[in-house]
Amino acid sequence: MAKQFEELNPPIRTLMGPGPSNVHPRVLRALSAPCIGHLDPDFLRIMDETQELLRFVFQTSNRFTIPVSGTGSAAMETCFVNIVEPGDRVVIGVNGVFGTRMVDNARRLGAEVVPVEAPWGEPISEKKMEGSLKHGPVKIVAVVHAETSTGVRQPLEEVERMAHRAGALFLVDTVTSLGGTEVRVDDWGIDAVYSGTQKCLSCPPGLAPLSFGSRALQVLDSRKHPVPSWYLDMGMVKKYWGSERVYHHTAPINMIYGIRESLRIIYEEGLEARFQRHFDNHLALVEGLEALGLQMHVAEGLRLPMLNTVRVPAGVDDFKIRKALLDQFQIEIGGGLGVLQGKVWRVGLMGHSSTPENVIYFLGALGALLKANGAAKDAGAGVSVATEHYGVSR
Ligand SMILES: *Cc1c(COP(=O)(O)O)cnc(C)c1O
């Protein structure tokens with residue numbers, strides 16, 4: 001008999017890792033709407049509205065604000081292939097996986113990369129950044145706003161001033177921050193910015209919001225060499241998303257339905273309320289983790305509300321706990337990467353996953369597992385503190 005392929009039936013998980021986050025049922029419904037043509041007048045209207053909503057979350061008036069057809073990494077690559085030419089000097093903050101990935105992108109394009117390093121879990125020092133900008137013209141200064149591999153937030157104000165004083169473009173990775181904490185592209189003088197869908201926007205992975213300001217577009221328009229990637233050449237893509245509507249590649253129609261719906265949910269909630277929700281759930285989680293005797297990896301004040309790195313207690317098997325969370329509680333969290341492997345857990349509270357229910361459920365599950373592994377005295381200590389945080393008292 002021929003091989004049987006069963007009907008698709010993925011488990012229902014509570015996604016509290018570094019992404020993807022849980023997807024709102026409204027977004028799943030939008031994804032299943034009828035596919036129409038990519039030049040259908042109805043679809044063109046949907047594209048325009050998606051751009052309008054993207055400008056709203058990025059807090060920008062940049063006309064060229066689109067979802068790139070690809071994941072966050074595709075948008076990272078889009079920024080570098082469109083701006084960098086061989087021999088350009090590019091200064092990149094490296095304090096985790098994603099800064100390292102930016103360096104790889106720029107080097108492949110023949111850039112002269114100046115990495116500015118910091119320990120994983122600390123932001124890039126402004127002094128060090130300033131020192132690296134003294135040696136001649138710089139094309140781009142790039143940093144990761146929310147380093148998902150370490151849980152640290154990069155303050156941007158000073159770096160922006162230094163980048164522009166040096167005559168460079170200011171490029172920021174907001175894959176994890178967008179939709180979970182303040183990202184003010186125009187007010188903060190960001191020239192090129194990108195994000196992803198599966199973190200705080202709570203849409204499945206597959207698209208990557210991107211916005212270029214006028215300085216970045218000028219650099220693109222005055223390149224000496226053609227953009228080395230055909231697919232990611234924004235000079236061509238911009239004619240499809242702009243008024244010309246020139247065919248370049250077929251837009252992923254249903255994914256665009258999905259992101260439009262997830263952005264519409266953010267618009268309804270309001271940015272201010274959404275950021276407050278992320279911050280409040282983060283505080284409750286940290287209080288609960290500390291009540292369980294655990295220690296946060298990042299200093300207070302520099303922690304990301306949507307990605308919490310907590311140190312694995314001595315004597316506890318990182319993988320065993322994560323496996324039990326998944327098998328027994330359907331909870332996914334992330335392990336550490338690179339130098340942090342086995343040393344931290346990464347607990348995401350992103351978008352639709354950032355709820356009091358998830359915080360309390362996770363603290364209950366983790367407390368029970370830590371107690372069973374001899375690493376906590378009171379399994380319920382985290383839940384008690386978190387419920388108190390939310391105003392539930394005797
Ligand atoms: C997830 C992430 C990326 C890469 O996004 P993909 O969707 O996995 O390609 C880039 N930068 C940061 C900060 C991220 O968290």
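**Group Meeting Talk: A Predicted Protein Chain and Its Ligand**

Good morning. I shall begin with helix H13, residues 381-389, where Ala381, Gly382, Ala386 and Thr387 are buried. Buried means under 20% relative accessible area, exposed means over 50%, and partly exposed lies in between, with a 1.4 Å probe and protein chains only. Helices (H or I, at least four residues) and strands (E, at least two) are DSSP runs, numbered from the N terminus.

Residues are numbered from 1 along each chain as its sequence is written, and side-chain values use heavy atoms, with hydrogens and water left out.

What do the buried residues of H13 pack against? Their partners are helix H10 (271-291) and helix H12 (356-372). After H13 comes Gly391, which has a positive phi near 90 degrees.

Let us stay with helix H10, because Leu289 has its place there. The relative accessible area of Leu289 is 0%, so this residue is buried. Setting aside neighbours within four places in sequence, Leu289 is in contact (heavy atoms within 4.5 Å) with Leu294, Met296, Val310, Phe362, Leu363 and Leu366. Leu289 and Leu366 are 77 residues apart along the chain, and their C-alpha atoms are separated by 9.0 Å.

I turn now to the chain as a whole. The protein chain holds 13 helices and 14 strands. Of its 394 residues, 57% count as buried. Taken along the principal axes, the C-alpha atoms fill a box of roughly 65 × 60 × 50 Å. The radius of gyration is taken over C-alpha atoms, and the globule rule is 2.2 Å times the number of residues to the power 0.38. For 394 residues a compact globule would have a value near 21 Å, and the chain has 22 Å, which agrees. Among contacts with a separation of 6 or more, 72% are accounted for by residues 24 or more positions apart. The accessible surface of the chain comes to about 17,200 Å², and 53% of that belongs to carbon and sulfur atoms. Such areas come from the Shrake-Rupley method with a 1.4 Å probe; for residues, only the protein chains shown count as cover.

Next, the ligand. Which residues come nearest to the ligand? Of the 13 residues around the ligand, they are Thr71, Ser73, Thr148, Asp173 and Lys199. A residue is near a molecule or strand if one of its heavy atoms lies within 4 Å of it. The shell divides into four nonpolar, six polar and three charged residues. Here Ala, Val, Leu, Ile, Met, Phe, Trp, Tyr, Cys and Pro count as nonpolar, Asp, Glu, Lys and Arg as charged, and the others, Gly among them, as polar.

A polar side-chain atom of Ser73 lies 2.6 Å from a ligand oxygen. For Gly72, a backbone N or O atom lies 3.0 Å from an oxygen atom of the ligand. In Thr176, an N or O atom of the side chain is 3.0 Å from a ligand oxygen. On its own the ligand has 380 Å² of accessible area, and the protein covers 90% of that. The elements giving two or more residues to this shell are helix H3 (72-83) and helix H4 (97-108).

Beyond its neighbours within four places in sequence, Phe98 is in contact with Met76, Val144, Glu147, Thr148, Ser149 and Asp173. Asn105 also has its place in helix H4 and counts as buried at 12% relative accessibility.

Finally, some backbone features. Most residues other than glycine have a negative phi, and most peptide bonds are trans. The peptide bond from Gly19 to Pro20, however, is cis, with omega near 0 degrees. Pro20 sits in the loop between strand S1 (14-15) and helix H1 (25-31). Arg245, which is not a glycine, has a positive phi of about 60 degrees. This arginine is found in the loop between helix H8 (234-241) and helix H9 (253-269). Is Arg245 buried or exposed? Arg245 is buried, with a relative accessible area of 18%. Gln330 likewise has a positive phi, near 60 degrees, but counts as partly exposed at 29% relative accessibility.

Thank you for your attention.

Methods: This is a predicted model: local features need pLDDT of at least 70, side-chain atom pairs count only at pLDDT 80 or more; totals for chains, interfaces and linings use all residues. A polar contact is a pair of N or O atoms within 3.5 Å; within protein, one must be able to donate a hydrogen and the other to accept it, and residues adjacent in sequence count only if both atoms are side-chain atoms.
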